[in-house]
Amino acid sequence: MSRLLDVNDLRVSFKTYGGEVKAVRGVDFHIQQGEVLAIVGESGCGKSVTAQSIMGLLPKKVSRIKSGSVTFNGKELLGLSKKQMQKLKGSEIGLISQDPMTSLNPTMRIGSQIAETIKKHTNYSRSKIHDRTIELLDLVGIPNPEKRYRQYPHELSGGMRQRVLIAMALSCEPKLLIADEPTTALDVTIQAQILDLLKDIQVRLGTSIMIITHDLGVVAEVAQRVAVMYAGVIVESGDVEEIFETPKHPYTWGLLKSVPRYEKGKHEKERLVPIEGSPPDLFAPPAGCPFAARCDYAMEICIDQMPDPIKTSETHQARCWLNDTRAPNANDFVAAGGNDV
């Protein structure tokens, strides 16, 4: 597979009254054609800022891309004009946001909102736009699409509104879908339906998907590869099986220990372990590993120096000194962390 999206050394800051917030600090990742990548991490880690940088949606007055490159389908996105980005958005990159009630226009019928997106990026006739809109509503599993076409957002359930957003994002058959916390505002049953829908779309249409989430259940359900983000840095990345079965970074161990897991044959209550402490101050990020202050395995070098990504397999790497061959008892630490989660 060839790479569809390549992000290299992305650094994004925000100007505030309190100073400069270094929100994204040297992020690197890629997405292959037809692949699902999950970017996971707690609130404030820089996941959504990364997505907004790719889409050209950062607030111009307060944000600044300090360095980096974002290449999509061979084209550099950073530095494109507003008009160039608008042409790209919708036609080649689709965005699914987490709150359909703020993304949909309450004064416009559902069909008109989807049709408007199609009209903007195609030369279809009015009748063909109508037919394509009905086709999309049917594709995302909305029953009675002709009826729903004429309804307003408030007449639909939360799950139906999210399906409408997915239909809008797919309207011009984009190569990449960016889904920013697409199930956060939904109940558990509807979440499962939306995740099944995204998986089905990826298989049927071959669309690449970048899903942003704090929910490891979502990651396990839909992703093929995972990038774990903390304090503006990707601290670990690998295939989903590697991240869940043999994690190599203490932050990933903490994430896995802090969510409930069910194992067949076990019926006793599982003790969840929270990650103690707080993320670092991004007004003045630490020189070393950003997780060091919360890490039970931190060494002196962790405080002073950020490690480069250390490969543990062809597809798996982590920015953690415990994986360095010079680390004392490195294998024992890594094995203990992996086996405990």
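These legends describe close-up views of a predicted model.

**View 1. An open sheet of four strands, with antiparallel pairing.** The strand order is β2-β1-β4-β5. β2 (19–32) and β5 (75–76) are the edge strands. Each of these two pairs on one side only. β1 covers residues 3–16 and runs antiparallel to β2. Eleven bridges link β1 and β2. Within this pairing, V12 stands opposite V24 in β2.

**View 2. Helix α1 on the four-stranded sheet.** α1 spans residues 47–55 and packs on the sheet. The helix touches β1, β2 and β4 (63–72). The directions of α1 and β1 make an angle of about 110°.

**View 3. An open sheet of eight strands, with mixed pairing.** The order reads β6-β7-β8-β3-β9-β10-β12-β11. β6 and β11 (310–311) stand at the edges. Each has a single partner strand, so one side of each lacks a neighbour in the sheet. β7 (residues 176–180) and β8 (residues 208–213) run parallel and are joined by five bridges. L176 has S208 in β8 as its bridge partner.

**View 4. The largest pocket, with about 610 Å³ of space.** Twenty residues line this pocket. Closest to its centre are K89, G90, L95, T117 and M168. β6 (93–96), α4 (110–121) and α7 (158–170) each supply at least two lining residues. α4 gives the largest share, five residues. By class, the lining of the largest pocket holds eight nonpolar, nine polar and three charged residues.

**View 5. The second largest pocket, with a volume of about 350 Å³.** Its lining has 19 residues. G56, L57, K60, I65 and L80 are the closest to the centre. α1, β4 and α2 (82–88) are the elements that give two or more residues to this lining. The lining of the second largest pocket divides into eight nonpolar, seven polar and four charged residues.

How values were computed:
Residues numbered from 1 in each chain as written. Predicted model: local features only at pLDDT ≥ 70, side-chain atom pairs only at ≥ 80, totals over all residues. Heavy atoms only, no water. Pairing = 2+ DSSP bridges. Contact = heavy atoms within 4.5 Å. Axes fitted to C-alpha atoms, helices over the stretch in contact; angles between N-to-C directions. 1 Å grid on protein atoms, 1.4 Å probe; cavity = no way out; pocket = protein on both sides within 12 Å on 5 of 7 lines; lining within 4 Å. Points joined across faces, edges and corners; volume = space filled by probe spheres on them. Nonpolar A, V, L, I, M, F, W, Y, C, P; charged D, E, K, R; others polar.
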